[in-house]
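Let's take a walk through a protein together, step by step. Have a look at the sequence and the model, and then we will start with a question.

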Amino acid sequence: MNIVCIGAGYVGLVSGTCLAELGHNVTCVDNDEEKIKLLNSGQVPFFEPGLSDLITKNQQSGSLKFASSLSDIIKNADIVFICVGTPPRENGQADLGFVFQVAEDIGKILDKHIVVVTKSTVPVGTNQKIKKIIKKNYQGNFDVASCPEFLREGSAINDFMNPDRIVIGTEAAGAKRLLLQLYEKIDCPKVLCNLETAEMIKYAANAFLATKISFINEIANVCENVGADVEQVAEGMGLDKRIGKAFLRAGIGYGGSCFPKDVRALHHIAGQNGYPFQLLRAVIEVNNQQRWLFYKKIKEALGCLENKTIAVWGLSFKPDTDDVRESISIDLIEKLVEDGAIVKAYDPQAMKNTQKIFGDKIQYCFSAEYAIENADCLLIVTEWDEFMNFDFSAVFKMKQKIILDGRNLFRKEELAIKGFKYIAIG
Ligand code: NAD
């Protein structure tokens, strides 16, 4: 099939590349010309394990192409995926400016039947609006469908190729058939539903996962007050099949470009439609508070932070990505700098993106080891494997052997033997 993915970001580029790998002819279109130039020169604009090789392979075979303009490409397309960003507004509402712009662009250049599929995460009712916008500019036949994307940065290719389910929301029988055919090589349950249900599934899934995180974080906070161990509590809970282990890791909360924005957006959608979603309000508040409870621990451990040297391990919002959007690390560093601390930061992939935010306000270290040299304490903010496998017995050069671990990577006793004061969550 001939596929166009509009928006060559994390979702569009990964989806487009994987669809090419599945045997389709794909063109990824992005209005960021620099990004397209980079892709055409064989470079990938962000880090995602395995993506670079898969792009090269499919580019070389001719099944994956890149372009900065839709106009000629759409003429041969069977399916057009909308994969542009839906960033949050100040009030939590999703900003649909990019999505509607794309719908208008499609309507203006359409001259034959295609299926327009939204992969971007959009509030309930958006696909009906997309339909209207296209119709305003094109009076011929076309179909609209909603296939929200569930891939996670860091494991995006595997998530796309081996998903737990594919959601296909559309009322059009032809579009349903075409999308089932598109995904026929992917063996997983296919949830067939209407547009509104598909849109809601995505928000409900992310909001539920965020709820699990905030729940275990609150349990962790109670554990600290009653002498229980949250790691063991989570293990004991997670073994119950009705609960499951996933997303029961206590820590300093969720970040990234999806959970914070999607939870706020669902809370906003509910409110706009006359239902105050109280549980989600608490999920958001708990998540916002969790990082500052951690910050309080840093202050309790070090006293005044002015001129204290603080090593920060982990800048990306999660491991295996260079994405620092809504990364908790960024908030913590901002506050540390404000409080006069000297920050030595290290991340295996996200240094460049962090440098764009902090410039010369902090020090960028070439290794985890170098970051902790002469530090008064170490903050572990992202759970990269590299940190989990770090050999602490060889650490001699810290000013104070204090570790504050926001991701519970170690056991207190193990580090105490090596002379560290280890403070974690719960
Ligand atoms: P992104 O910011 O990485 O990429 C969006 C791309 O769209 C950018 O490259 C931008 O230049 C391009 N773009 C914007 N307007 C355009 C236009 N008019 N024409 C062509 N290109 C245009 O965003 P993302 O992280 O890939 O997320 C995209 C959507 O998918 C969002 O709604 C997000 O919530 C959702 N989503 C993201 C993830 C994730 O892990 N990042 C997972 C599932 C769903």
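Which residues line the largest cavity? They are Thr118, Ser120, Thr121, Val122, Asn127, Ser146, Pro148, Ala198, Glu199 and Lys202. Before we go on, a word on how to read this: the model is predicted, so local features need pLDDT of at least 70, side-chain atom pairs count only at pLDDT 80 or more, and totals for chains, interfaces and linings use all residues. Residues are numbered from 1 along each chain as its sequence is written, and side-chain values use heavy atoms, with hydrogens and water left out.

How can empty space be found at all? Rolling a probe the size of a water molecule over the atoms shows where empty space is left. On a 1 Å grid over the protein atoms alone, a cavity is a set of points where a 1.4 Å probe fits but cannot get out, and its lining residues have an atom within 4 Å of a point. The structure holds 1 cavity of 30 Å³ or more, and about 40 Å³ of space lies in the largest cavity (grid points are joined across faces, edges and corners, and the volume is the space filled by probe spheres set on them). Its lining divides into 3 nonpolar, 5 polar and 2 charged residues (Ala, Val, Leu, Ile, Met, Phe, Trp, Tyr, Cys and Pro count as nonpolar, Asp, Glu, Lys and Arg as charged, and the others, Gly among them, as polar).

Where does this cavity sit? Domain 1 (2-193) and domain 2 (195-426) both give residues to the lining of the largest cavity, so it lies between them. These bounds come from an automatic or database domain assignment. The centres of the two domains, taken over C-alpha atoms, are 31 Å apart. In the contact (heavy atoms within 4.5 Å), domain 1 takes part with 37 residues and domain 2 with 27 residues.

The area buried between the domains is about 2,500 Å², with 60% of it from carbon and sulfur atoms (this is the accessible area, with a 1.4 Å probe, that two parts lose on being put together, summed over both). Phe47, Val124 and Glu153 supply 26% of the area that domain 1 buries against domain 2, more than any other three residues.

A salt bridge is a side-chain nitrogen of Lys or Arg within 4 Å of a carboxyl oxygen of Asp or Glu. Between domain 1 and domain 2 the count is 1 salt bridge. Arg325 forms a salt bridge with Glu153, with 3.7 Å between the closest N and O atoms.

The structure holds 23 salt bridges. Asp229 and Arg411 also meet in one, at 2.7 Å from N to O.

Notes:
On a 1 Å grid over the protein atoms alone, a cavity is a set of points where a 1.4 Å probe fits but cannot get out, and a pocket is an open set with protein on both sides within 12 Å along at least five of seven lines; lining residues have an atom within 4 Å of a point.
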